[in-house]
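Hi there,

Here is the structure I promised to pass on. Please open it alongside this email and have a look before you read on.

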Amino acid sequence: MANSKGRRRRFGAIRRLPSGRYQARYPGPDGVMRPAPLTFETTADADDWLAEKQTEIRRGEWRDPEAGAVGFRAYADKWVDERELAPLTRDLYRYLLDKHLTAFTDLDLDEITAPRVREWRAERLRITGAKTITAKAYRLLKAIMETAVDDELIQRNPCRIKGAGKEKAAERPIATVAQVDALANAVGMRWRLMVYLGAYGPMRPEELAGLRRQDVDVDNLRIRVRLAEPERMDGRRVHGDTKSEAGTRTVILPAFLRRELRWHLESYAEPGPNGLIFVGEKGAPFRRSTFGRKWRRAREIVGMPEVFRFYDLRHTGHTLSTRSGATLKDTMVRAGQSSEKAALVYQHSDEERQEEVAAGLDATVRKARAEVAKKAADKPSGTNLARDT
């Protein structure tokens, strides 16, 4: 068949349909004839479309239109399975797919368009108001779709909303020394050391869960953090390494914690070098749900806001360490934090400097406790929250 200019067409074919419109077909690089996804009003329009397809093939830009006909959920599940992820990260991705990315479950990859992504995000924010979890879900969706681009299943990533994957976390609250003491008293004798180590260690909950007797040197006030045992959504604990290489560290404690540490080891820790430091009333490793109830109750007794999490004790420890003279690098080493950017910017912090930080923290807490005790003594009806050290 000749084209509109009178020349015989060398690529593809055009035929007139009973409706009067025209259908275009072309041979892909694999030799398979493929029809255009739409019909045309004139042969000139059909001819222009075929010319575009021929150009795509010559430039190596052609994509099989059926390649994207892969179910999103099946592809996403495979994407998660193929990656070496930490158990908690894997749990998070499954949760996001099950709860927050369900709008794409029944779609093929090539059906997920930029407008659909924008609509999904706007709806999630409108319904839930959860900016943080929506940002996490968006980042996961973007990563999955980027791999689909690499696999040549789609031509372009539909996740193109600037800043949509950034989490703008609110400034975390910090506690005073008196409030930390009050929380330690209110949470109960078995768990008070956990509060103190969370604040003045400062250690992550999963690091506290992994502590053994062999990791604790009471005489020299040192705790060796070498394991992390986070709790998964199904309640099972995962035994593994710390969150990062910097997480494996030796924490030097302030001197006022010596008596707390010794007393807890004598009263509650499991026996033997490999005995757990923190166990529940029935001798089992502490559960997040069980401790969470005690923490919420203690927070209520002390009058702390609901937004104050156990993890905010770490922020409290950072702040107090800085006030006692620690540099940012000192607090990073102490808390087991690391990043490439920090490695280039921050100075070295050795063990001697960490001892100075611990001593400064000791002095800061003792001074604050003394002030609380003095105020309480001046008021006959007052309550002294600080313990003798």
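Predicted model: local features only at pLDDT ≥ 70, side-chain atom pairs only at ≥ 80, totals over all residues.

Residues are numbered from 1 along each chain as its sequence is written, and side-chain values use heavy atoms, with hydrogens and water left out.

**Helix contacts**

Helices α2 (residues 72-81) and α3 (residues 87-99) pack with their axes 11 Å apart, at an angle of about 175 degrees. This makes α2 roughly antiparallel to α3 (over 145 degrees; under 35 is roughly parallel, 65 to 115 roughly perpendicular and the rest oblique). Helices here are DSSP runs (H or I, at least four residues), strands are E runs of at least two, and both are numbered from the N terminus. Axes are lines fitted to C-alpha atoms, for helices over the stretch in contact, and angles run from 0 to 180 degrees between N-to-C directions.

On the α2 side, the residues that meet α3 include Phe-72, Trp-79 and Val-80, and their partners in α3 include Tyr-93 and Leu-97 (contact means heavy atoms within 4.5 Å). By class, this contact of α2 with α3 has 6 nonpolar, no polar and 6 charged residues (Ala, Val, Leu, Ile, Met, Phe, Trp, Tyr, Cys and Pro are nonpolar, Asp, Glu, Lys and Arg charged, and the others, Gly among them, polar).

The axes of α7 and α11 (residues 312-323) come within 6 Å and cross at roughly 50 degrees, which makes α7 oblique to α11. Val-195, Gly-198, Ala-199 and Tyr-200 in α7 meet Leu-313, Arg-314, Gly-317 and Leu-320 in α11.

**A pocket**

The second largest pocket has a volume of about 420 Å³ (a pocket is an open set of points on a 1 Å grid, where a 1.4 Å probe fits, with protein on both sides within 12 Å along at least five of seven lines; lining residues have an atom within 4 Å of a point; the volume is the space filled by probe spheres set on the points). Of its 24 lining residues, Arg-63, Asp-64, Pro-65, Asp-110 and Gln-155 are the closest to the centre. Helix α1 gives the largest share of the lining, 3 residues.

**Backbone details**

The peptide bond from Gly-201 to Pro-202 is cis, with omega near -20 degrees; Pro-202 is in the loop between α7 (192-200) and α8 (205-209). Glu-152, in the loop between α5 (131-150) and α6 (177-187), has phi near 60 degrees, a positive value in a residue other than glycine.

Best wishes
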